[in-house]
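Hello,

Here is the structure I promised to pass on to you.

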Amino acid sequence: LKKCIDSVENQYYSNWELCIADDCSTKPYVKSLLNKYAQDDSRIKVVFRSKNGHICEASNSALEIATGDYVGLLDNDDELAPFALYEVVKKLNKNPDLDLIYSDEDKIDKNGRRSDAVFKCDWAPDMLLGTNYICHFGVYRRNIINQIGGFRKGYEGAQDYDLVLRFTEKTNHIGHIPRILYHWRMLESSTAVNQDSKGYAFEAGKKAIQDALNRRNLNATVEHGKGLGLYDVSY
């Protein structure tokens with residue numbers, strides 16, 4: 001958690017706010033740690049939930065205290081490259097009409113060693129129906145997130161997949177930064193290491209895609225593909 005927050009504080013670009021939702025953590029050190037960060041840096045804002053609501057409700061709680069025009073999604077155990085926000089703002093300065101910006105990513109272990117780089121294609125809506133290749137680091141225009149109602153309960157584990165499918169139905173102003181801006185932490189309990197650890201996430205992803213097909217009035221069905229997190233759409 002400290003490495004995650006420190007990676008935001010160490011950004012070259014400094015005009016940010018970090019909105020953190022503590023989802024009624026059972027770890028006693030978390031509240032004191034977050035309070036100290038918030039006291040030491042006015043850009044860090046924390047909401048302490050009184051009841052555990054899982055990731056969708058927690059993420060919506062963080063969204064409620066956000067005031068920026070754009071929202072970047074960061075998991076509590078991951079890290080941003082120090083130039084991540086700089087690259088996003090540089091992209092927006094050149095293309096101010098962009099509503100969604102995403103970057104390449106890799107994985108990082110407990111010792112800071114990085115591996116498994118993912119170099120992504122530019123915007124490809126059909127590919128997004130086969131896997132959530134947008135993933136990290138995704139930065140979204142906040143008023144569109146508000147317009148679509150934020151994260152939806154019932155899609156836990158694939159809540160960001162459901163969000164980006166609904167979000168991209170509202171805009172095609174989407175930009176790709178071909179640089180690794182996000183480091184996904186590999187822990188024994190995370191899907192970065194063990195994809196079987198969150199099997200419910202892949203079922204939620206399938207549900208999110210089928211919902212998108214139905215919303216778009218496409219006569220199609222979706223099944224799991226050859227590989228976890230991959231899907232096949234039959235039209």
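**The loop around Thr-131**

A polar atom of the Thr-131 side chain lies 2.9 Å from the backbone oxygen of Gly-229. For a polar contact I take a pair of N or O atoms within 3.5 Å; within protein, one must be able to donate a hydrogen and the other to accept it, and residues adjacent in sequence count only if both atoms are side-chain atoms. Thr-131 sits in the loop between helix 5 (125-128) and strand 7 (138-141). Neighbours within four places in sequence aside, Thr-131 is in contact (heavy atoms within 4.5 Å) with Tyr-161, Gly-229 and Leu-230.

A word on the basis of these notes. This is a predicted model, where local features need pLDDT of at least 70 and side-chain atom pairs count only at pLDDT 80 or more, while totals for chains, interfaces and linings use all residues. Residues are numbered from 1 along each chain as its sequence is written, and side-chain values use heavy atoms, with hydrogens and water left out. Helices (H or I, at least four residues) and strands (E, at least two) are DSSP runs, numbered from the N terminus.

Buried means under 20% relative accessible area, exposed over 50%, and partly exposed in between (1.4 Å probe, protein chains only). Strand 1 pairs with strand 2 in the parallel sense over five bridges; pairing requires at least two bridges found by DSSP. Leu-18 stands opposite Ile-44 in strand 2. From strand 1 the chain passes through helix 2 to strand 2, a right-handed β-α-β crossover (clockwise from the first strand over the helix to the second, with the strands pointing away from the viewer).

In helix 2 (residues 28-40), the buried residues are Val-30, Leu-33, Leu-34 and Tyr-37. Seen down the helix axis, they fall within an arc of 95°, so they line one face of helix 2; the arc is taken from the directions from the axis to the C-beta atoms. These buried residues pack against helix 1 (2-9), strand 1 (18-22) and strand 2 (44-48). Pro-28 and Gln-39 are exposed, on the face turned away from the buried side of helix 2.

**Cysteines**

How many disulfides are there? The count is zero, with a disulfide taken as a pair of cysteine sulfur atoms within 2.5 Å. The closest cysteine sulfur to that of Cys-24 is in Cys-56, 17 Å away and too far for a bond. Cys-24 is partly exposed, at 32% relative accessible area, whereas Cys-56 is buried at 0%.

Best wishes
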